[in-house]
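Here are my notes on this model, as numbered points. Please read them with the structure open.

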Amino acid sequence: MAAEGDQPVMIEIKRMSMDTALTIAKTAIEACREQGVQVAVTVVDRGGHPQVVLRDVLAMDLALEVSYRKAYTAMTFTSTTSSLEDRFTGPFSVGKVDNVLLSAGGVPVQASGETIGGVGVSGAPSGEVDESCAEAGVAAVEMDLEMASF
């Protein structure tokens, strides 16, 4: 018998649906197109695994890997990647860990204060534009995520 305060045998985990992740990615692509740029977008789940990956026709191939790393970093640190750019500057810092990219363009995806994923955008002339497109993607589903029942 489990003592009071022990961990439960099972826990419920909130996850984004594929349709929600796809809405985030498509909205980010559209937001960047409105600014005249073509980008790659990756939406990762709460484990950092790619859930949706889109690359507009003229976006560079390299943008795929960069968008994934931005999404992974935003999810991992529960923070926009622009806010992390100057945080880890030492030669052996966290910023040197595989898949971590401390460059603007990544935004966490949250529901009821819990991080459930991240979105990364790459290919615009600046990280600020990348990040504004990522934020547009999250904004498109924000109300649905907040109102979702689990």
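1. Accessible areas come from the Shrake-Rupley method with a 1.4 Å probe, and for residues only the protein chains shown count as cover. On that basis the protein chain exposes about 8400 Å² of accessible surface. Carbon and sulfur atoms hold 53% of that surface.

2. The model is predicted: local features need pLDDT of at least 70, side-chain atom pairs count only at pLDDT 80 or more, and totals for chains, interfaces and linings use all residues. Residues are numbered from 1 along each chain as its sequence is written, and side-chain values use heavy atoms, with hydrogens and water left out.

3. The protein chain has 3 helices and 4 strands. Helices (H or I, at least four residues) and strands (E, at least two) are DSSP runs, numbered from the N terminus. Their order along the sequence is α-β-β-α-β-β-α.

4. Of the 150 residues, 43% are buried. Buried means under 20% relative accessible area, exposed over 50%, and partly exposed in between (1.4 Å probe, protein chains only). A contact means heavy atoms within 4.5 Å. Among contacts with a separation of 6 or more, 65% join residues 24 or more positions apart.

5. The largest nonpolar core has 26 residues. Such a core is a set of buried Ala, Val, Leu, Ile, Met, Phe, Trp, Tyr and Cys residues joined through side-chain atoms within 4.5 Å. Val39, Val41, Val43, Val119 and Val121 have the most contacts inside this core. H1, strand E1 (40–45), E3, E4 and H3 each give two or more residues to this core. H1 provides the largest share, 7 residues.

6. What does Val43 touch, leaving out residues up to four places away in sequence? Its partners include Met16, Ala21, Ile24 and Ala25. His49, Pro50, Gln51 and Val52 are also among them, as are Gly118 and Val119.

7. Helix H3 (residues 127–147) has 21 residues. From first C-alpha to last, H3 reaches 30 Å, close to the 30 Å expected. The expected span is 1.5 Å times one less than the number of residues. H3 also bends by about 45° at Val141. The bend is the angle between axes fitted to the seven residues ending there and the seven starting there.

8. Val141 is one of the buried residues of H3, which also include Asp130, Glu131 and Cys133. Their cover includes helix H1 (18–34), helix H2 (62–77), strand E3 (106–111) and strand E4 (114–122).

9. Thr73 sits in helix H2. Thr73 counts as buried because its relative accessibility is 0%. Among the residues it touches are Thr81, Leu84 and Asn99.
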